[in-house]
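The sequence and the structure are shown first.

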Amino acid sequence: MMAGQYQGGPSVDVLSTQGKKAESLYKSFGSVKKVYDQSVKGFVLAMEGGRDVRLQLPPAEKESLGLIQPYLVLQMQVPVGKGVSFELSVLDQDKTRRRINLSTNNKEIHATPLHVRLPLDLIRRGCWMNACLDVAGLFNESFAPMIGASKFWCLESLVVGANCRLRRIFTVAACLVDTSGDEMEFG
């Protein structure tokens, strides 16, 4: 999807809910609706329901996002008392596909050479946020002890599981600055 496009700038847009072209960029399962959100004064993707509700990028299973920038940012809101999950499919330098599953339902770390499940405890609920995931860092820390020297190459696919509201997904070359003021609360 993005593999042939220029990704050398400060950011690369993956999904934006603005415009009519947005529906062609993802595949949805369950209750995923484009709705107007007054708090952000724009359209968002509302994902509500159980485990079956999810959003998949790219829409075709055989396609690849081909995102090489190390940080993935999701502008999102998670309702209070609800859970959310992200599944990242990542290629390493040897072209081996490995999966990283981050979920608020995971209570402990479980790792194999091809798959890792990590808890997602620090998600703020009830407010809009930029959830910035260090995909390269997560990959290298999760799989380096098991596979040796092979490093992050690109993000192939992303699946976002309910319940949340998504406004935009993009990658950045450098980590975003934390402006939340939560250093004391979250460390």
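Beyond its neighbours within four places in sequence, Met76 is in contact with Val84, Phe86, Cys127, Trp128, Met129, Ala131, Cys164, Arg165 and Leu166, where contact means heavy atoms within 4.5 Å. The model is predicted: local features require pLDDT of at least 70 and side-chain atom pairs count only at pLDDT 80 or more, while totals for chains, interfaces and linings use all residues. Residues are numbered from 1 along each chain as its sequence is written, and side-chain values use heavy atoms, with hydrogens and water left out.

Met76 also belongs to the largest nonpolar core, which has 41 residues; Leu74, Met76 and Leu166 touch the most other members. Such a core is a set of buried Ala, Val, Leu, Ile, Met, Phe, Trp, Tyr and Cys residues joined through side-chain atoms within 4.5 Å. Buried stands for under 20% relative accessible area, exposed for over 50%, and partly exposed for values in between, with a 1.4 Å probe and protein chains only. In soluble globular proteins, nonpolar side chains tend to be buried together.

Of the 7 residues in β6, 7 are buried. Tyr71, Val73, Gln75 and Gln77 point one way from the strand, whereas Leu72, Leu74 and Met76 point the other way. In a regular strand the side chains alternate between the two faces of the sheet.

β6 pairs with two strands, pairing being assigned if DSSP finds at least two bridges. With strand β11 (residues 128–134) the sense is antiparallel, over 7 bridges, and Leu72 stands opposite Leu133. Strand β13 (residues 164–172) is likewise antiparallel to β6 and joined to it by 7 bridges; there, Gln75 has Arg168 as its bridge partner.

## The seven-stranded open sheet

An open sheet with mixed pairing is formed by 7 strands in the order β2-β5-β12-β7-β8-β10-β9. Its edge strands, β2 (27–29) and β9 (110–111), each pair on one side only. Within this sheet, β7 (residues 85–92) and β8 (residues 97–103) run antiparallel and are joined by 7 bridges, with Arg98 in β8 as the bridge partner of Val90.

Leu158 lies in strand β12 and is buried, at 1% relative accessible area. Leaving out residues up to four places away in sequence, Leu158 touches Leu55, Gln56, Leu57, Leu65, Leu72, Leu74, Glu87, Leu88 and Ile169. The C-alpha atoms of Leu158 and Pro59 are 10.0 Å apart, although 99 residues separate them along the chain.

A polar atom of the Gln69 side chain lies 3.4 Å from the backbone nitrogen of Val172. Not counting residues up to four places away in sequence, Gln69 touches Gln7, Gly9, Pro10, Ser11, Val12, Phe152, Thr171, Val172 and Ala173.

## Aromatic rings and charges

There are 3 aromatic pairs in the structure; rings of Phe, Tyr and Trp (its six-membered ring) pair if their centres lie within 6.5 Å, and planes under 30 degrees apart count as stacked, over 60 as edge-to-face and the rest as tilted. The rings of Phe139 and Phe143 have centres 5.2 Å apart and planes at 50 degrees, so this pair is tilted. Both residues lie in helix α1 (residues 135–147), 4 residues apart, about one turn of the helix. Phe139 is buried at 0% relative accessible area, and Phe143 is buried at 0% as well.

The rings of Phe139 and Phe152 have centres 6.5 Å apart and planes at 65 degrees, so the pair is edge-to-face. This pair links distant parts of the chain, with Phe139 in helix α1 and Phe152 in strand β12 (residues 152–161), 13 residues apart. Phe152 is buried at 11% relative accessibility. Phe139, Phe143 and Phe152 form one aromatic cluster.

Two charged residues lie over ring faces: Lys34 is 5.5 Å from the ring centre of Phe43, and Arg168 is 4.1 Å from that of Phe170. The criterion is NZ of Lys or CZ of Arg within 6 Å of the ring centre and within 35 degrees of the ring normal.

Note on methods
Polar contact = N/O pair within 3.5 Å; in protein donor to acceptor, adjacent residues only side chain to side chain.
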